[in-house]
Amino acid sequence: MYADPRPATRWNELPIVCPFCSNRGEAKGRWSTNAAVPFKLVEQVVRSFEFSAEIDDERRLFIAADVETDKVDWESGNGMRIECMACFGQFPVPEGADIDLSNLANTRSMNL
Ligand SMILES: [Zn+2]
């Protein structure tokens, strides 16, 4: 294991402020008792499976999801949002922000 290669995020200099509790990532803020970072990105997606089913003698329904048919519908989700780790409120990512979902370590080495 090697040390986390990401540069430290200067949270309180970013245009990310919780509209509910004004958390902006101050060191040792209320968020720090809940998580290692003051904000997380969250995305809800729709996941679907084919399934088979049967009912037993007591009319209980058994559903067997076929995990091989797992499909994630990225279009029907509610989009990427920011979750505040102090109050767990969610709010939009600031307009114009770029979100890179590739591995951060790889991204960094590409930029060297
Ligand atoms: Zn908050």
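Analyst: Strands are DSSP runs of E with at least two residues, helices are runs of H or I with at least four, and both are numbered from the N terminus. This is a predicted model, in which local features need pLDDT of at least 70, side-chain atom pairs count only at pLDDT 80 or more, and totals for chains, interfaces and linings use all residues. Residues are numbered from 1 along each chain as its sequence is written.

User: How many bridges join β4 to β5, and what lies between the two strands?

Analyst: Strands of a sheet pair through backbone hydrogen bonds, either parallel or antiparallel. Two strands count as paired if DSSP finds at least two bridges between them. Here, three bridges join β4 to strand β5 (residues 90–92), and the two run antiparallel. They form a hairpin with five residues between them, and Phe88 in the turn has a positive phi of about 65°.

User: Which strands make up the open sheet, and in what order?

Analyst: The open sheet has three strands in the order β1-β4-β5, with antiparallel pairing. Its edge strands are β1 and β5, each of which pairs on one side only. From one strand to the next, the twist averages 35°; for such angles, axes are lines fitted to C-alpha atoms (for helices over the stretch in contact), and the angles run from 0 to 180 degrees between N-to-C directions. Four bridges join β1 to strand β4 (residues 81–84), also running antiparallel. Within this pairing, Val42 has Arg81 of β4 as its bridge partner, and Phe39 stands opposite Cys84 in β4.

User: Where is the largest nonpolar core?

Analyst: A nonpolar core is a set of buried Ala, Val, Leu, Ile, Met, Phe, Trp, Tyr and Cys residues joined through C-beta atoms within 7 Å. A residue is buried if 20 or more other C-beta atoms lie within 10 Å of its own, exposed if 12 or fewer, and partly exposed in between, with C-beta atoms placed from the backbone. The largest core has six residues: Cys18, Trp31, Phe39, Cys84, Met85 and Ala86. Contact means that the C-beta atoms of two residues, placed from the backbone, lie within 7 Å. Leaving aside neighbours within four places in sequence, Ala86 is in contact with several residues, among them Cys18, Cys21 and Trp31. Of the 112 residues of the chain, 8% count as buried.

User: Is strand β3 buried or in the open?

Analyst: Strand β3 (residues 61–73) lies largely in the open, because the number buried among its 13 residues is zero. Nine bridges join strand β2 (residues 46–55) to β3, and these strands run antiparallel. β2 and β3 form a hairpin with five residues between them, where Arg59 in the turn has a positive phi of about 65°.

User: Where is confidence lowest, and where is it highest?

Analyst: pLDDT is the predictor's confidence in each residue, from 0 to 100. The mean for the chain is 86, and 84% of its residues reach 70 or more. Confidence is lowest in helix α1 (residues 104–110), at a mean of 47, and highest in β4, at 96. Over residues 107–112 pLDDT stays under 50, and the model has three contacts beyond four places in sequence for that stretch.
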